[in-house]
Amino acid sequence: MTVCRDCCCGNARKHPGVDHDGQLVQLRESLPAPHRVRVSECLDECAEANVIVVHPTPAARLAGARAVWFGLVNTDVTEDITAWVQDGGPGVAPMPAILELSVLRR
């Protein structure tokens, strides 16, 4: 998983009601090894801040799965994303309908 944190994502001035640091802690605590939660600079989707990209496992990628980009991840959807990743994520587990609302079409 890649979490955008730069000019807009993770910016308390742009999203003052969001605990950005707490969101990152929550993701890391919910997704221990073998999962990886990494932080990236701008992913160039500033209008959709906060942006999270969920990457498929290597085996799922070989089978054709692709990364899924989520935008406007400023609410409890964080828990829905981590639950999906825990279930297997892209190419392994069906995406819950609630997450479809946050998918960025790239």
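Ser30 is found in helix α1, where helices are DSSP runs of H or I with at least four residues and strands are DSSP runs of E with at least two, both numbered from the N terminus. The model is a predicted one, in which local features need pLDDT of at least 70 and side-chain atom pairs count only at pLDDT 80 or more, while totals for chains, interfaces and linings use all residues. Residues are numbered from 1 along each chain as its sequence is written, and side-chain values use heavy atoms, with hydrogens and water left out.

With a relative accessibility of 25%, Ser30 counts as partly exposed (buried is under 20% relative accessible area, exposed is over 50%, and partly exposed lies in between, with a 1.4 Å probe and protein chains only). Apart from residues up to four places away in sequence, Ser30 touches Thr82 and Gln86, contact being heavy atoms within 4.5 Å. Glu45 is 15 residues from Ser30 along the chain, and the C-alpha atoms of the two are separated by 25 Å.

The sheet is open and is formed by 4 strands in the order β2-β1-β3-β4, with mixed pairing; two strands pair if DSSP finds at least two bridges between them. Strands β2 (38–40) and β4 (68–70) stand at the edges with a single partner strand each, so one side of each has no neighbour in the sheet. From one strand to the next, the twist averages 25 degrees. Helix α1 (residues 20–30) packs on this sheet and touches β1 (2–4), β2 and β3. The direction of helix α1 makes about 145 degrees with that of β2; axes are lines fitted to C-alpha atoms, for helices over the stretch in contact, and angles run from 0 to 180 degrees between N-to-C directions.

Strands of a sheet pair through backbone hydrogen bonds, in either a parallel or an antiparallel manner. Strand β3 (residues 52–54) and β4 run antiparallel and are joined by 3 bridges. Within β4, Trp69 is the bridge partner of Val53.

Helix α2 (residues 58–62) contains Arg61, which is partly exposed at a relative accessible area of 36%. Not counting residues up to four places away in sequence, Arg61 touches His55, Pro56, Arg66 and Ala67. Between Arg61 and Gly10 there are 28 Å in space, C-alpha to C-alpha, and the two are 51 residues apart in sequence. Ala67 is placed in the loop between α2 and β4 and counts as partly exposed at 28% relative accessibility. Its contacts, leaving aside neighbours within four places in sequence, are Val53, Val54, His55, Pro56 and Arg61. Gly91 is 24 residues from Ala67 in sequence, and 9.2 Å separate them in space, C-alpha to C-alpha.

Pro90 belongs to the loop between α3 and α4 (97–100) and counts as buried, at 3% relative accessibility. Beyond its neighbours within four places in sequence, Pro90 is in contact with Val54, His55, Pro56, Ala60, Ala65, Arg66, Val68 and Trp84. Of these, Arg66 is 24 residues from Pro90 in sequence and 6.7 Å from Pro90 in space, C-alpha to C-alpha.

Most residues other than glycine have a negative phi, and most peptide bonds are trans. A cis peptide bond joins Ala33 to Pro34, with omega of about 15 degrees, and Pro34 is found in the loop between α1 and β2. Another cis peptide bond, with omega of about 0 degrees, joins Ala49 and Asn50; Asn50 is placed in the loop between β2 and β3. Asp44, also found in the loop between β2 and β3, has a positive phi near 65 degrees and counts as exposed at 62% relative accessibility. The phi of Leu72 is likewise positive, near 60 degrees. Leu72 is found in the loop between β4 and α3 (77–87) and is partly exposed, with a relative accessible area of 47%.

The largest pocket has a volume of about 360 Å³. On a 1 Å grid over the protein atoms alone, a pocket is an open set of points where a 1.4 Å probe fits, with protein on both sides within 12 Å along at least five of seven lines; grid points are joined across faces, edges and corners, and the volume is the space filled by probe spheres set on the points. The largest pocket is lined by 15 residues, and the closest to its centre are Met1, His35, Arg36, His55 and Pro56 (lining residues have an atom within 4 Å of a point). The lining comprises 8 nonpolar, 5 polar and 2 charged residues, where Ala, Val, Leu, Ile, Met, Phe, Trp, Tyr, Cys and Pro count as nonpolar, Asp, Glu, Lys and Arg as charged, and the others, Gly among them, as polar.
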